[in-house]
Amino acid sequence: MPINKTEAFILRQSPFRDSSKMVTFFTRDFGKIRCIAKGARRLKNGFGASLEIFSHCDIIYYHKDQRELQTLAKSEILHYFSLCRLNLHKTACLDLIVEIVDRVHLDRDRNISYFDLLHQIFYQMEQTDHNHFKMLSYFILKTLDLLGYRPTFSSCVRCREALVHADAEILRLSTEGRLCERCSLHQEILLLQEPQWGSLFTDLENLSLEKLLQEKQTPHFKKEITDFLIKLVSPHLHQNAPLKSYEFFKNVAFA
Ligand SMILES: [Zn+2]
């Protein structure tokens, strides 16, 4: 049986049978995998705190192609993100992020760029004390980009007519991106009125996290854009159900 060694972030963990745990990882070299950590719920076990959600670990597991659940041999913690765990806003944000990761990826779909994105988001989240909302926006758009569904904001997604950012006080949006006035007539759309949209969309389109983090937005605006981004990513989720952690996120972030 081959032994695989890789870096991973923990997306989920739950009790399995009497004394074990089932852990979902997003790994650098093998994409999303699910493992059984045998005996991980016994008082004395070799895994310690290395199986907590959000942790960044070095793992070793036994791999069998025909098996859905792999066997975890070892997990060593690289970062526990203790500051994130102490902050309710960060926790709510990471909860939503790991649920999105879990739901947009099928098992064993290797994507190193996606692993790098998670790495960037987790470590930035641990280091900065604000801007969780913008990191979430960046994360969702980057997810769509890396999966091949990058939305367009500078032209109409239907007729391709170029749309100006500067005077964009009213935005017509579908789940694929922006629409011109004509194309938006016969479609269910989201209509937004905020002078800030124009410059934000330029930054989102360029996917520049650095620029995004510099700008200030009102709470109402944050809520609207987050709702919109969740609508954008929802058609690409596996399992036909709303994101469970989004309710919690909204209660924490926009209360
Ligand atoms: Zn159009």
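The axes of α2 and α4 come within 10 Å of each other and cross at roughly 5°. The two helices are therefore roughly parallel. On the α2 side the contact is formed by His89, Lys90, Cys93, Leu96, Ile97, Ile100 and Val104, which meet His132, Leu136, Phe139 and Thr143 of α4. Sorted by class, the residues of this contact are seven nonpolar, three polar and one charged. The model described here is a predicted one.

**The protein as a whole**

The protein has eight helices and eight strands. Of its 255 residues, 31% are buried. Among contacts with a separation of 6 or more, 60% join residues 24 or more positions apart.

The contact of α2 with α3 comprises seven nonpolar residues, no polar ones and one charged residue.

The table sets out the two packed pairs.

| Helix pair | Angle between axes | Distance between axes |
|---|---|---|
| α2 and α4 | roughly 5° | within 10 Å |

**Helix α3**

Helix α3 covers residues 112-127, and its 16 residues should span 22 Å at 1.5 Å a residue; the end C-alpha atoms lie 23 Å apart, which agrees. Tyr114, Phe115, Leu118, Ile121, Phe122, Met125 and Glu126 are the buried residues of α3. Viewed down the helix axis, these buried residues fall within an arc of 125°, so they line one face of α3. On the other side of α3, the exposed residues are Ile112, Ser113, Asp116 and Gln127.

Phe122 is one of the residues in helix α3. Phe122 counts as buried because it has 21 C-beta neighbours inside 10 Å, where the cut-off is 20 or more. Leaving aside residues up to four places away in sequence, Phe122 touches Phe9, His56 and Phe81. Phe122 and His79 are 43 residues apart in sequence, and their C-alpha atoms are 9.8 Å apart in space.

**Two residues with positive phi**

Most residues other than glycine have a negative phi. Arg108 is not a glycine, yet its phi is positive, at about 60°. Arg108 lies in the loop between α2 and α3. With 14 other C-beta atoms within 10 Å, Arg108 is partly exposed.

Gln239, also not a glycine, has a positive phi of about 75°. Its place is the loop between α7 (219-233) and α8 (244-253). Gln239 has 6 other C-beta atoms within 10 Å and is therefore exposed, since 12 or fewer is the limit for that class.

Note on methods
Residues are numbered from 1 along each chain as its sequence is written. This is a predicted model: local features need pLDDT of at least 70, side-chain atom pairs count only at pLDDT 80 or more; totals for chains, interfaces and linings use all residues. Helices (H or I, at least four residues) and strands (E, at least two) are DSSP runs, numbered from the N terminus. The expected span of a helix is 1.5 Å times one less than its number of residues. The arc is that of the directions from the helix axis to the C-beta atoms. Ala, Val, Leu, Ile, Met, Phe, Trp, Tyr, Cys and Pro count as nonpolar, Asp, Glu, Lys and Arg as charged, and the others, Gly among them, as polar. Two residues are in contact if their C-beta atoms, placed from the backbone, lie within 7 Å. Axes are lines fitted to C-alpha atoms, for helices over the stretch in contact, and angles run from 0 to 180 degrees between N-to-C directions. Angles under 35 degrees count as roughly parallel, over 145 as roughly antiparallel, 65 to 115 as roughly perpendicular and the rest as oblique.
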